[in-house]
Amino acid sequence: MPCTRHSDAACEQGRKHNEKAREALEQAVRLDGQLAEAYTNLGIALQDLGQGEEAERMTGLAVRLKPEMAAGHNNHGRALENNNKLEAALSSYNEALQLSGQGYADAFCAKVYLEHFLCAW
């Protein structure tokens with residue numbers, strides 16, 4: 001997905017940071033294939049680099065490895081939402097909220113937005 005909110009220089013700098021993050025996180029999962037936190041963060045970096053399907057796969061792997069990780073469900077919801085899988089994204093946000101005791105602001109905001117968008121309240 002193209003960067004449109006910032007100057008070309010800022011967009012390029014952000015892309016370079018995401019590339020470095022992707023490289024470091026890929027190394028982390030090569031070293032420890034059970035590190036759910038690395039997979040979910042790798043998914044975020046991939047999403048920001050416009051690799052939505054791979055982001056969804058990485059964040060999905062993270063929640064399978066560590067199903068009790070609220071942040072993993074939130075990030076998987078983000079990847080699903082960006083891939084236009086809105087009902088599944090809503091389910092992931094709900095899971096993040098349930099695991100966090102309703103105290104996860106990002107998941108709450110995303111859930112409310114999607115419920116409004118889908119008229120699913």
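**View 1. The buried residues of helix α2 pack against α1, α3 and α4.** Buried here means under 20% relative accessible area, while exposed means over 50% and partly exposed is anything in between (1.4 Å probe, protein chains only). Helices are DSSP runs of H or I with at least four residues, strands are runs of E with at least two, and both are numbered from the N terminus. This is a predicted model, in which local features need pLDDT of at least 70 and side-chain atom pairs count only at pLDDT 80 or more, while totals for chains, interfaces and linings use all residues. Residues are numbered from 1 along each chain as its sequence is written, and side-chain values use heavy atoms, with hydrogens and water left out. The buried residues in α2 are Ala36, Ala38, Tyr39, Thr40, Leu42, Gly43, Ala45, Leu46 and Gln47.

View 2. Helix α1 covers residues 8–31, and it packs with α2 at an angle of about 150 degrees, the axes being 9 Å apart. That makes α1 roughly antiparallel to α2. In these legends, angles over 145 degrees count as roughly antiparallel, under 35 as roughly parallel, 65 to 115 as roughly perpendicular, and the rest as oblique. An axis is a line fitted to C-alpha atoms, for helices over the stretch in contact, and angles run from 0 to 180 degrees between N-to-C directions. On the α1 side, the contact uses Asn18, Ala21, Arg22, Leu25, Glu26, Ala28 and Val29. On the α2 side you'll find Ala38, Tyr39, Asn41, Leu42, Ala45, Leu46 and Asp48. Contact means heavy atoms within 4.5 Å. Sorted by class, the residues of this contact are 9 nonpolar, 2 polar and 3 charged. (Nonpolar covers Ala, Val, Leu, Ile, Met, Phe, Trp, Tyr, Cys and Pro; charged covers Asp, Glu, Lys and Arg; the others, Gly among them, are polar.)

**View 3. Zoom in on Ala45, which lies in helix α2.** Is Ala45 buried or exposed? It counts as buried because its relative accessibility is 3%. Set aside neighbours within four places in sequence, and Ala45 is in contact with Asn18, Ala21 and Arg22. Take Asn18: it is 27 residues from Ala45 in sequence, yet their C-alpha atoms are 5.4 Å apart in space.

**View 4. Now for α3 and its packing partner α4.** Helix α3 runs over residues 52–65, and its 14 residues should span 20 Å at 1.5 Å a residue; its end C-alpha atoms are 20 Å apart, which agrees. Gly52, Ala55, Glu56, Met58, Thr59, Gly60, Ala62 and Val63 are buried in α3. Those buried residues pack against α2 (36–48) and α4 (70–82). The α3 and α4 axes are 8 Å apart, at an angle of about 155 degrees. The two helices are therefore roughly antiparallel to each other. Ala55, Glu56, Thr59, Gly60 and Val63 of α3 make the contact with Gly72, His73, Asn75, His76, Ala79 and Leu80 of α4. By class, that gives 4 nonpolar, 6 polar and 1 charged residues.

**View 5. Asn84 is in the loop between α4 and α5.** Most residues other than glycine have a negative phi. Asn84 has a positive phi, near 65 degrees. Asn84 counts as exposed because its relative accessibility is 61%.

**View 6. Last stop: α5 against α6.** Helix α6 (residues 105–118) packs with α5 at an angle of about 145 degrees, with their axes 9 Å apart. From α5, Leu86, Glu87, Ala89, Leu90, Tyr93, Asn94, Ala96 and Leu97 meet Ala107, Phe108, Ala110, Lys111, Leu114, Glu115, Phe117 and Leu118 of α6. This contact divides into 12 nonpolar, 1 polar and 3 charged residues. Look at Leu86, which sits in α5 (residues 86–100). Leu86 counts as buried because its relative accessibility is 14%. Leaving aside neighbours within four places in sequence, Leu86 is in contact with Glu81, Leu114, Phe117 and Leu118. Leu86 and Leu118 are 32 residues apart in sequence and, C-alpha to C-alpha, 8.1 Å apart in space.

Notes:
Expected span 1.5 Å × (residues − 1).
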